[in-house]
Amino acid sequence: MSENLKKTPLNELHRALGGKMVEFAGYEMPVQFPLGVLKEHQHTRENAGLFDVSHMGQAFLTTTEAKIGTQEAHEKIAAAIETLVPGEIKKLKQGGMRYSVLLNDDGGILDDLMITRPIRDENQGTLFLVVNAAMKDQDFALIEKKLDGIAKLERAERRALLAIQGPKAAEVVERIIPGAGEQTFMTMRPYSWPANNNEGMKVLVSRCGYTGEDGFELSVQVGFAEQLAKALLAEPEVEPIGLGARDSLRLEAGLCLYGHDLTPETSPIEGNIGFAIGKRRREEGGFPGAARILSEREEGPSRLRVGILPDGRAPAREGTEIQSKDGKAIGTVTSGGFGPTFGGPIAMGYVASEFAKTGTEVNLIIRGKAVSAKIADMPFVPQNYYRG
């Protein structure tokens with residue numbers, strides 16, 4: 001590995017826990033721990049897994065056009081970010097989160113991200129952003145350039161981010177941070193930890209994640225990250241989980257990996273994430289590439305992201321060509337591998353829309369041979385997000 005790789009605040013802890021370190025998005029990250037990828041995956045589905053996602057980009061975006069702490073300030077910052085994303089941010093409730101995408105002028109996806117409106121009245125006019133690690137410099141530079149003069153971006157480089165995922169995550173988080181386990185899905189709340197210490201560290205707790213399971217993400221100052229991670233790992237239900245299991249978990253859940261399943265050439269409609277376009281935005285437009293995106297929504301795109309189930313046991317990896325049964329090239333696999341919970345190979349990719357119907361038989365060209373497969377619904381494993 002390169003000596004120039006960045007390290008997260010939990011790097012030493014990963015090594016102490018026996019993490020196998022690899023290069024990922026410019027960081028040195030654990031791909032697995034001694035438990036192994038398969039058991040880490042299964043543990044997260046059955047108990048609770050702790051992930052280090054501190055490489056992600058965190059930032060606060062604040063309006064400069066209105067007094068902070070007012071409804072006007074929220075409306076100003078919402079209007080500003082809505083010039084870059086198709087999500088409905090104006091109506092986002094205090095403490096609410098939304099998944100959205102940064103778009104280029106052609107309607108292609110520059111990145112997917114989470115946007116949160118703070119719950120406290122005094123913080124209205126600010127939004128909390130979390131973007132992908134490999135794209136954060138480009139994302140933040142774009143936001144600063146496009147919103148220059150109307151909003152200020154503050155990169156939260158002194159904050160770490162931990163994700164705890166799985167059916168036991170809520171009871172674990174509730175023990176560590178009382179009250180947090182009661183949060184509803186896609187909300188964020190601030191807490192002091194330890195709870196009985198007024199001088200304790202401030203933790204931003206979001207009920208969300210990227211495994212298909214119930215879970216939380218905890219944003220905390222870097223100086224407290226290891227302390228919080230150790231407190232979580234001390235709970236009997238929790239094991240450290242690496243990038244390998246994170247990838248198989250999100251694939252089973254039918255979730256996209258930016259740079260693979262979503263790219264600057266892909267529209268949200270092609271990517272099958274049309275839910276990221278708010279109702280008002282569909283009616284009004286006003287976001288980059290709106291003409292293309294709204295046209296594709298009405299008329300249908302020329303290609304579509306779909307789930308794929310290969311026959312047999314051989315996985316179809318990224319880049320595998322997808323053909324019709326008569327040998328015509330119709331698409332490409334963008335993510336693929338073995339689904340431990342599903343119990344077999346799974347994949348997702350893009351096919352010409354006329355082949356996107358569930359149950360359509362196709363061929364995958366694996367090691368030069370045609371392997372039969374079928375277009376399938378996603379997720380491959382039921383999502384278990386907490387709905388309250």
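A residue is called buried here when its relative accessible area is under 20%, exposed when over 50%, and partly exposed in between (1.4 Å probe, protein chains only). By that definition V130, at 10% relative accessibility, counts as buried.

This is a predicted model, so local features need pLDDT of at least 70 and side-chain atom pairs count only at pLDDT 80 or more, while totals for chains, interfaces and linings use all residues. Residues are numbered from 1 along each chain as its sequence is written, and side-chain values use heavy atoms, with hydrogens and water left out.

**Around V130.** V130 sits in strand β8; helices (H or I, at least four residues) and strands (E, at least two) are DSSP runs, numbered from the N terminus. Contact means heavy atoms within 4.5 Å. Not counting residues up to four places away in sequence, V130 touches M56, G57, Q58, L113, M114 and L161. V130 and I115 are 15 residues apart in sequence, yet their C-alpha atoms are 6.8 Å apart in space.

**Helix α4.** Which residues of helix α4 (residues 136-146) are buried? They are K136, D139, F140 and I143. Seen down the axis of α4, these fall within an arc of 90 degrees, so they line one face of the helix; the arc is taken over the directions from the helix axis to the C-beta atoms. In general, an α-helix has 3.6 residues a turn, so residues three or four places apart point the same way. The cover over the buried residues of α4 includes β3 (27-32), β5 (57-63), β6 (97-103), β7 (109-116), β8 (126-131) and β9 (151-155).

**The nonpolar cores.** A nonpolar core is a set of buried Ala, Val, Leu, Ile, Met, Phe, Trp, Tyr and Cys residues joined through side-chain atoms within 4.5 Å. The largest one has 31 residues, of which Y99, I109 and L262 touch the most other members. Two or more residues each come from β6, β7, β8, β10 (159-165), α7 (243-252) and α9 (290-299), and β6 gives the largest share, four residues. Apart from this core lies another, of 30 residues, among them L13, A169, Y191 and V222. Leaving aside neighbours within four places in sequence, L262 is in contact with Y99, I109, D112, C256, L257, G271, I273 and Y350.

Six of the seven residues of β13 are buried. Strands pair if DSSP finds at least two bridges between them. The two pairings compare as follows.

| Pair | Bridges | Direction | Opposite residues |
|---|---|---|---|
| β10 and β13 | seven bridges | antiparallel | L161 and S219 |
| β12 and β13 | four bridges | antiparallel | V205 and L218 |

In the loop between β12 (201-206) and β13 (215-221) lies E213. Is E213 buried or exposed? At 3% relative accessibility, E213 counts as buried. The side chains of E213 and N384 are joined by a polar contact of 3.3 Å; such a contact is a pair of N or O atoms within 3.5 Å, where within protein one must be able to donate a hydrogen and the other to accept it, and residues adjacent in sequence count only if both atoms are side-chain atoms. Beyond four places in sequence, E213 touches T44, R45, Q165, G166, P167, N384 and Y385.

**Cysteines.** With a disulfide defined as a pair of cysteine sulfur atoms within 2.5 Å, the count comes to zero. For C208, the nearest cysteine sulfur is that of C256, 16 Å away, which is too far for a bond. C208 is buried at 6% relative accessibility, and C256 is buried with a relative accessible area of 5%.
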